[in-house]
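The sequence and the structure come before the details.

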Amino acid sequence: MLDLHNRSITYLLGVGPKKAEILRQEAGISSYEDLLFYFPYKYVDRSRFYKIVEIRGNMPYIQLKGRILSFETVGEGRTRRLIARFTDGTGTMDLVWFKGIAYIKDKYQIGKEYIIFGKPTEFGNFYNIAHPDIDPVENADQVAGGLTPFYNTTEKMKKSFLNSKAIQNLQYTLLSSLNWQVPETLSPDILARTRMVSLTEAIRNIHFPESAEKLKQAQVRLKFDELFYIQLNILRTATTRKLKLKGIVFPQVGDYFNEFYKKYLPFELTNAQKRVVREIRVDMGSGRQMNRLLQGDVGSGKTLVGLLAMLLAVDNHCQACMMAPTEILANQHYATIMDFLKDMDIKVALLTGSTKKKDRNQILPQIASGEIRIVIGTHALIEESVVFSSLGLAIIDEQHRFGVEQRSRLWTKNKWIPHVLVMTATPIPRTLAMTLYGDLDVSVIDELPPGRKPIQTLHRYDTKKAQLYDFLRKEIELGRQVYVVYPLIEGSEKLDYKNLEDGFETFKEVFPEYTVCMVHGKMKAADKESEMQKFISGKAQILMATTVIEVGVNVPNASVMVIESAERFGLSQLHQLRGRVGRGAKQSYCILVSSYKLSNETRKRLEIMVNSNNGFEIAEADLKLRGHGDLEGTQQSGIGIDLKIANLGTDGQILQFARDIAMQILDEDPELLSERYRILNERLRMLFTRKVNWGLIS
Ligand code: ADP
Ligand code: MG
């Protein structure tokens, strides 16, 4: 059979070099297979004709049958358009074209009966359809009846006559040339086990649905296919690695751990913390390398868990390091850990970009000799010059800030591969974790330390600033501090910085009796640090900032978080920001300030924030609302997950099913070398060889 994967789209009838180039650039279609796997994003029911009198405002795509009464070209330059008056006997409406005017006028005739398809727009009391699909009634049986697919197309594609309809025609041409047969991607026994339809039937029905039911089966099969291969790939890599990579064994819980735990731990661990510490202990004692993702809401006590894990490493004659994404955070971790360990005999060092040369010259040899047991730092930890004598555990805080490569660099220069613990407060929904980090083991701290008052979240419109200022003044009078955060969105930085600076001026005027400070990403590191310090020390009552304070900063006395233009933030980010307050025993508040005009989706998002304090719930909701593509964490993770049909927000069940089947198969045949799974092996190679080397990721 034809190798669709390697068959260039230029071989297809009707695709010349120019169209091929546009398909490649705009839609990522270069091969026959790419085209077949370019799926419609929606279907519209074309099983019935509407009448013009039935048209109401805000209708979806509809189908009409009637005649063109006249053509008229109006407007000049960019507003030049062709208008066709159209009637079906029950009323009249307009068909409008902004492009291809000469062609359209030539192609369609006055008085002839046509089938029209498009989305009506109301204009005055009159309706029009812009750029409708038009077919002569004689061709009615060629016009897809029933469910009509819609394909994503860009402006550039449309300009080259590659609209949705044209894509559908290409699908038709291609499938016809293949006698409507597509090579299967799953082995017969998997098809039998899962009771899925064949790929041929799925591809046929995804582009030309015979019925709603057949379409559904096709979607399930194709989603399964997509998720199954991702899982099979991750799990096979993980299995192979587990077989190959021996971890350093930490057999004992020794004096450091025990002394700290019994004598110096200032409070009881939460049950969730205890459970996670146990999981880590088992992992590091197992003889295989630990690769664990620790998820826990802001303030759930991850740092302490990290510290306990580091003490275990030290007990087993190894060193440990903790890497944070910013200097402020590294400093804070260092201070916290020094405080916890102040009465213990254990050497800890801090290493960041601003560590003085003199200090570096002292620290580096002590890391190399093993005298320093625990190192806290930033990216500075992975520089060439830093060589450990026996690094046994690397902890990475707020992992999504680190690229894949940085993570792997942490140990490539060491004698052995240390255990790795990645900590994040950006909870990743289970389906996403399985897809992104399917080869990591996941621990969750799903419980906050006792005695915390839940943060109260309020949504306010920016038309009511006076009330907001009154509220802030009252809180400050009680001795509390306030964060005010402005969005910083790529592409509109200029305006965003201006908003922040304007806000800063306003706050200084409104609160002349207090000190207001400001931090943003364009400031010099030293200035940033000193402004930040004003707030940490309590000298300033109000800190105004862009999202640089997003991660980790701990000022327990700050009890109010005001988020300006909250509608412009993602849910996870709002939740992160909110986590900056609520760290002390006092009641804390998060105030989401937005404009009055909001889309339904945005309103829903802010509502979720007001109603939930649970990071996992919020992440799940975010995934459902926005899809995985926009989720924070996916882009930064360095692993693009480009799903064509599956949706991690809604296809959790299919994902779990695909993962189970993949596991069963790998249990039978870990390296997929048997004849019966050869097809899987080949497909895996085809799908993943050009992409990320998954083996290096964690
Ligand atoms: P995270 O890194 O998960 O956001 P931290 O480790 O910074 O959270 O912990 C937040 C605060 O809670 C710290 O002040 C920490 O000392 C405190 N804390 C951690 N665990 C407990 C516990 N079991 N009981 C009481 N307080 C705790
Ligand atoms: Mg933390």
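An oxygen atom of ligand 1 lies 2.9 Å from an N or O atom in the side chain of T303. The model is predicted, and the distances given here are computed from it. Two further side chains, those of Q273 and R452, also have a polar atom listed with an atom of ligand 1.

| Residue (side-chain atom) | Atom of ligand 1 | Distance |
|---|---|---|
| Q273 (polar atom) | nitrogen | 2.8 Å |
| T303 (N or O atom) | oxygen | 2.9 Å |
| R452 (N or O atom) | oxygen | 2.6 Å |

On its own, ligand 1 has 560 Å² of accessible area, and the protein covers 78% of this.

**The shell around the ligand**

How many residues surround ligand 1? There are 16, and the closest are E268, Q273, G299, K302 and R452. By class, the shell holds five nonpolar, six polar and five charged residues. Helix 11, which runs over residues 302-315, contributes the most to this shell, with three residues.

**A pair of packed helices**

Two packed helices are described by the angle between their axes and by the distance between those axes. For helix 19 (residues 571-578) and helix 20 (residues 600-611), the angle is about 35° and the axes are 10 Å apart. Is their crossing left-handed or right-handed? The crossing of helix 19 and helix 20 is right-handed. Helix 19 makes the contact through L571, L574, H575 and R578, while helix 20 uses R605, L606, I608 and M609. Sorted by class, this contact of helix 19 with helix 20 has five nonpolar residues, one polar residue and two charged residues.

Terms used. Residues numbered from 1 in each chain as written. Chains lettered and ligands numbered in written order. Predicted model: local features only at pLDDT ≥ 70, side-chain atom pairs only at ≥ 80, totals over all residues. Heavy atoms only, no water. Near = heavy atom within 4 Å. Polar contact = N/O pair within 3.5 Å; in protein donor to acceptor, adjacent residues only side chain to side chain. Areas by Shrake-Rupley, 256 points an atom, 1.4 Å probe, with all protein chains shown as cover. Helix = DSSP H or I, 4+ residues; strand = E, 2+ residues; numbered from the N terminus. Nonpolar A, V, L, I, M, F, W, Y, C, P; charged D, E, K, R; others polar. Axes fitted to C-alpha atoms, helices over the stretch in contact; angles between N-to-C directions. Left-handed = near helix turned anticlockwise from the far one by under 90°. Contact = heavy atoms within 4.5 Å.
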